[in-house]
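Subject: Structure to look over

Hi,

Here is the structure I promised to pass on.

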Amino acid sequence: MQWLENTRAFMRRDQVFDIVRPSMSSGRLDTRHGPVLYLEDVTVSFDGFRALDALTLYIDDGELRCIIGPNGAGKSTMMDVITGRTRPDDGAAWFGQRLDLLRMDETEIARAGIGRKFQKPTVFPQHRVVENLELAMAGPRGVWSALTARLDPPTQERIDEVLEEIGLANDGHVLAGQLSHGQKQWLEIGMLLMQNPRVLLVDEPVAGMTHQEMDRTAELLTRLAGRHSVVVVEHDMEFVRSIARKVTVLHQGSVLAEGSMEEVQADPRVIEVYLGE
Ligand code: ADP
Ligand code: MG
């Protein structure tokens, strides 16, 4: 029944890239039980300095993972590797069992389902909230046609869903530039959601937020986990404590400790690293 196997394989969404990349090795990993993201022995050097040093990290499908660690630990560099911004000198990075991230460029990785939210919100301030969401969905259609074309009903439905999700249901027609800092951050998360990513990488989401905004962000990220894998890099320990399930502590480019918040906080090596900051 080889043909049946082949047909099944062809129907799998994450297999699409195999068609264009026949040399890709396959079958090593299996997303159906377990990780959606694999980093193995990833090393990144800048002029001989190791920003990542044989970093090994697995993210499960649908999990909410917090990554903490002192400044310079390599957290942003790790996200750069996952999103194809930085190529490691060594190691492996896989999205599921079939997509070799090190053979894909940034656009391919984003299209395959890994969305990243940078620290600073990058919304279009002169456009309304709904238009920002439309633009986020535009993709190859381009910005101009996205703004001039009529929205087909499924798109409109998705926009309404996302507006609700990010708590901006009553602000769809507000100019993005007039939103509060926290609302802009939510809008940017909403823009990522328009592409329905499997993995969401979020770099310091609550920097500069009020306490109330932080609480709502915690709720939002917690809700998104399950449907998406959510990887949160955050400095604010109180915030991490409020959402944490599994926490990974990075230090000098590799994993220092991993476990529940209580476990890592009680780890003497973690205490030492944070006291030294
Ligand atoms: P974190 O996000 O945990 O604060 P980063 O990943 O930004 O840490 O940085 C890790 C280390 O790598 C830091 O010492 C930083 O100075 C260095 N680094 C990051 N990017 C570059 C770069 N493009 N060129 C040189 N050094 C860099
Ligand atoms: Mg950083």
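**What I found**

Glu 204 is partly exposed because 19 other C-beta atoms lie within 10 Å; a residue is called buried with 20 or more other C-beta atoms within 10 Å of its own, exposed with 12 or fewer, and partly exposed in between, with C-beta atoms placed from the backbone. Glu 204 sits in the loop between strand 7 and helix 9 (211-224). Helices (H or I, at least four residues) and strands (E, at least two) are DSSP runs, numbered from the N terminus. The phi of Glu 204 is near 45 degrees, a positive value in a residue other than glycine. Most residues other than glycine have a negative phi. Gln 252 also has a positive phi, near 50 degrees, and is found in the loop between strand 9 and strand 10. With 15 other C-beta atoms within 10 Å, Gln 252 is partly exposed.

Some housekeeping: this is a predicted model, where local features need pLDDT of at least 70, side-chain atom pairs count only at pLDDT 80 or more, and totals for chains, interfaces and linings use all residues. Residues are numbered from 1 along each chain as its sequence is written, while chains are lettered from A and ligands numbered from 1 in the order in which they are written.

**The overall picture**

The protein chain has 12 helices and 10 strands, and 38% of its 277 residues count as buried. Take the contacts in the chain with a separation of 6 or more: 67% of them join residues 24 or more positions apart. (Contact here means C-beta atoms, placed from the backbone, within 7 Å.)

One open sheet has four strands in the order 2-1-4-5, with antiparallel pairing. Strand 2 (49-60) and strand 5 are at the edges with a single partner strand each, so one side of each has no neighbour in the sheet. Two strands pair if DSSP finds at least two bridges between them. Strand 1 is joined to strand 2 by eight bridges, with Phe 46 and Phe 49 as bridge partners. Strand 1 (residues 35-46) also pairs with strand 4 (residues 90-95) over five bridges, where Thr 43 partners Asp 90. Two bridges link strand 4 to strand 5 (residues 99-100), and Phe 95 stands opposite Leu 99. The hairpin of these two strands has three residues between them, and Gly 96 there takes a positive phi near 65 degrees.

The other open sheet has six strands in the order 6-7-8-3-9-10, with mixed pairing. Its edges are strand 6 (114-117) and strand 10 (254-259), each with a single partner strand, so one side of each is left without a neighbour in the sheet. Strand 7 (residues 199-203) and strand 8 (residues 229-233) run parallel and share five bridges; Leu 201 is opposite Val 231.

Which residues surround ligand 1? They are Phe 46, Ala 51, Gly 69, Asn 71, Gly 72, Ala 73, Gly 74, Lys 75, Ser 76 and Thr 77, counting a residue as near if its C-beta atom, placed from the backbone, lies within 6 Å. By class, that shell has three nonpolar, six polar and one charged residues. (Ala, Val, Leu, Ile, Met, Phe, Trp, Tyr, Cys and Pro count as nonpolar, Asp, Glu, Lys and Arg as charged, and the others, Gly among them, as polar.)

Helix 3 (residues 75-82) gives the largest share of the shell, three residues. Seven of the eight residues of helix 3 are buried, so the helix is largely enclosed by the rest of the structure. Among the buried ones are Lys 75, Thr 77 and Ile 82. Just after the helix, Gly 84 has a positive phi of about 80 degrees.

**The core**

Ile 82 turns up again here: of the 70 residues in the largest nonpolar core, Ile 82 and Leu 187 touch the most other members. Such a core is a set of buried Ala, Val, Leu, Ile, Met, Phe, Trp, Tyr and Cys residues joined through C-beta atoms within 7 Å. Leaving aside neighbours within four places in sequence, the contacts of Leu 187 include Val 123, Ile 166 and Leu 179.

Cheers

Definitions and conventions. Two residues are in contact if their C-beta atoms, placed from the backbone, lie within 7 Å.
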